[in-house]
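Keep the structure open as you read.

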Amino acid sequence: MVLIKTQRDMLLSPLQSVSGIVEKKHTLPILSNVLLEKKDDSLTLLATDIEIQITTTTTGTQGDGDGAVTVAARKLQDILRSLPDNAEVSLNLEEKRLLLKAGKSRFALQTLPAQDFPRMVIAETSQGKITVTQKQFRQLLSKTQFAMAAQDVRYYLNGLLLLVDGNQLRAVATDGHRLAYASMELENQADLPRQELILPRKTVLELNRLLSDSDEALTIQMASNQIQFEFGSIHLVSKLIDGKFPDYERVVPTSLKNSVTMNRSALLQSMVRAAILTNEKFRGVRLILSTGSLKIMAANAEQEEAQEEIEVDYSGDSIDVGFNVGYILDVLNNTSSEMIEWGFNDAGSSSLLTIPGNDRFKYVVMPMRI
Amino acid sequence: MRQLILELQPETPPGLDNFVAGSNGEVLTGIAAWLEPGNREPSLFLWGESGAGKTHLLRASGGLYCDGAADPDLSFLGENPEETCPLHAIDNVEALSPAGQIALFNLFNRQRATGKRLLTAASRPPQQLVLREDLRTRLGSGLIYRLQPLTDAEKIDALMAQATARGLRLPQEALDYLLLRAPRDMRSLSALIAALDRYSLEHKRAITLPLLREVLHGPDLNPTP
């Protein structure tokens with residue numbers, strides 16, 4: 001039976017949307033597979049790693065009848081990607097195998113039964129629904145996600161806090177060395193009760209990959225242990241990290257003795273150059289801020305040295321402080337404003353980077369003791 | 001070079017609810033009952049060896065805390081002679097100087113006369129304390145409780161609970177190593193958990209036996225604030 005007959009891209013692009021979360025190695029073999037489900041002219045693709053599940057539905061699919069099957073997601077994707085752009089592809093369901101034909105190419109893929117495919121149970125009770133544009137939410141994520149921890153034992157740090165309060169949506173991420181905060185206003189939205197959700201790191205990275213910089217709608221549905229995102233033809237369901245995220249407000253310094261405002265890209269370029277000669281392990285740069293000047297210095301284990309100087313409008317205390325250059329590059333690369341403001345107390349306490357005239361972004365970074 | 005870390009977790013203040021009682025359940029109930037507003041007994045005396053939990057309970061009482069070892073003259077009271085407080089908590093009374101003993105004696109009488117309370121602690125029971133006789137008998141006149149140190153199994157439970165509260169997991173081999181190689185009183189062990197937390201966050205490493213060895217033998221056990 002010819003299950004599906006379609007253009008290569010009609011199959012490849014939804015497959016690429018769902019297959020990003022498929023783990024290469026898994027104890028459950030079926031989790032390497034993608035579920036293909038055809039009903040009338042609609043085709044649904046579904047992939048999951050049990051923590052996250054992504055579904056896409058497209059219509060206008062041709063074929064002889066309805067059916068559902070699971071096949072290896074990565075193999076199917078690799079085959080489709082290496083076919084010519086405009087290839088006509090047909091998927092034929094055979095006994096225990098899926099036969100893919102395109103032109104004179106033929107591939108017989110092993111299948112596992114669709115009814116064995118694990119699906120996440122969608123939470124029935126909702127604790128609130130938000131609608132924003134894809135672009136707004138993507139910006140919120142991109143300004144914060146780089147500060148998430150990657151493999152911390154404190155599992156709640158390997159994620160991103162989404163905090164809904166009234167008509168405010170906030171995102172916070174921290175790895176204990178620095179913390180990024182961004183907020184946005186929810187327009188045309190009834191006030192929501194305060195709630196905190198911790199999104200797993202993988203969910204955040206996947207959303208950042210899938211969301212577009214468009215004004216198309218993104219609907220976020222929250223439940224006590226689950227969050228759902230709907231945008232375009234994609235439906236993403238993710239478990240939440242159970243735990244208490246640190247209180248970010250007590251970490252953001254409320255008063256700063258000294259601050260300097262400078263051109264973001266000039267600072268970025270100086271940091272990029274200085275970073276070349278930092279110690280590979282610690283990546284420390286030394287900043288010397290004095291009247292009218294910011295010096296950035298780096299030295300590595302081979303006694304090589306870099307020195308950069310930027311003219312700045314500054315007349316506060318002289319400050320001599322060290323930072324991991326990676327943490328500074330992260331914030332400068334992930335913001336787009338012309339100017340950046342950097343506030344300090346002393347070489348042993350947190351510093352704060354902000355965008356002048358914008359209180360919706362904050363980046364707290366702890367220094368290094370040199 | 002050393003990366004400084006954000007103070008993500010506030011230190012949990014000592015409380016009656018986070019006191020690991022072990023075999024001291026009765027003492028804990030007794031103190032909780034004594035701290036009830038209606039209780040009329042003016043004085044409670046706690047004794048037990050170092051690390052048994054005296055300071056924790058004194059701080060958890062909500063009383064005005066003063067350590068006789070740090071301030072043997074109780075000069076704090078001398079500076080505020082008319083200081084009236086519903087509850088004073090005086091730690092390490094055996095370390096008090098003669099002047100401190102007089103100050104505590106006066107405080108005892110003042111608290112009793114005004115219907116207020118005094119919580120005291122020492123390493124030995126009142127009859128073995130080397131103090132002024134009038135003070136010693138007064139300390140012995142109220143409620144007296146003895147705190148037993150935790151057993152090894154109870155210490156492990158307590159350390160696991162502290163680690164969990166910080167979002168950490170301690171492998172069993174690390175716990176065994178701690179009890180074998182580290183100071184055995186709960187105060188030192190709790191400080192060690194805090195040091196491990198800082199060190200693992202600073203270096204972005206999981207808590208393993210090698211990391212534990214580095215912390216135990218490194219300068220990080222008592223980080224300068």
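This is a predicted model, so treat what follows as a reading of a prediction. Let's begin with the meeting of the two chains: 26 residues of chain A and 18 residues of chain B take part in the contact. On the chain B side, two elements supply two or more residues each, namely β1 (2-3) and α8 (186-203) of chain B. Sorted by class, the side of chain B that touches chain A holds 10 nonpolar, 4 polar and 4 charged residues.

Strand β25 (residues 368-369) of chain A runs antiparallel to β1(B), and 2 bridges join them. In that pairing, A:Arg369 faces B:Arg2 in β1(B) as its opposite number.

Now for chain A by itself.

| Domain of chain A | Residues |
|---|---|
| domain 1 | 2-116 |
| domain 2 | 128-250 |
| domain 3 | 258-365 |

Take domain 1 and domain 2 of chain A: their centres, taken over C-alpha atoms, are 30 Å apart. The contact between them involves 12 residues of domain 1 of chain A and 13 residues of domain 2 of chain A. On the domain 1 side that touches domain 2, α1 (8-19) and β4 (52-58) of chain A each put in at least two residues. Which of the elements gives the most to that side of domain 1 of chain A? That would be β4(A), with 7 residues. By class, this side of domain 1 of chain A has 7 polar, 4 nonpolar and 1 charged residues.

Next, a sheet. Chain A has an open sheet of 8 strands, ordered β13-β10-β11-β12-β24-β23-β22-β17, with antiparallel pairing. At the edges sit β13 (192-200) and β17 (258-263) of chain A, each of which pairs on one side only. On average, and ignoring direction, neighbouring strands of this sheet are turned by 20 degrees against each other.

Strands β22 (residues 339-344) and β23 (residues 351-355) of chain A are antiparallel partners over 3 bridges, and A:Glu341 is found opposite A:Thr354 in β23(A). A helix also packs on the sheet: α4 (residues 201-210) of chain A touches β10 (159-166) and β13 of chain A, and its direction makes about 95 degrees with that of β13(A).

The largest nonpolar core has 100 residues, and A:Val34, A:Leu179 and A:Phe323 are the members that touch the most others. Helix α6 (residues 325-333) of chain A is the biggest giver to this core, with 5 residues. What does A:Leu179 touch, leaving aside residues up to four places away in sequence? Its partners are A:Ala147, A:Val172, A:Thr174, A:Tyr248, A:Val251, A:Val364 and, from the other chain, B:Leu6.

Finally, chain B in brief. Chain B has 9 helices and 6 strands, and its C-alpha trace spans about 55 × 35 × 30 Å along its principal axes. Of the 225 residues in chain B, 33% are buried. Among chain B contacts between residues at least 6 apart in sequence, 73% join residues at least 24 apart.

Conventions: Residues numbered from 1 in each chain as written. Chains lettered and ligands numbered in written order. Predicted model: local features only at pLDDT ≥ 70, side-chain atom pairs only at ≥ 80, totals over all residues. Domains from an automatic or database assignment. Contact = placed C-beta atoms within 7 Å. Helix = DSSP H or I, 4+ residues; strand = E, 2+ residues; numbered from the N terminus. Nonpolar A, V, L, I, M, F, W, Y, C, P; charged D, E, K, R; others polar. Pairing = 2+ DSSP bridges. Axes fitted to C-alpha atoms, helices over the stretch in contact; angles between N-to-C directions. Buried ≥ 20, exposed ≤ 12 C-beta atoms within 10 Å, placed from the backbone. Core = buried A, V, L, I, M, F, W, Y, C linked by C-beta atoms within 7 Å.
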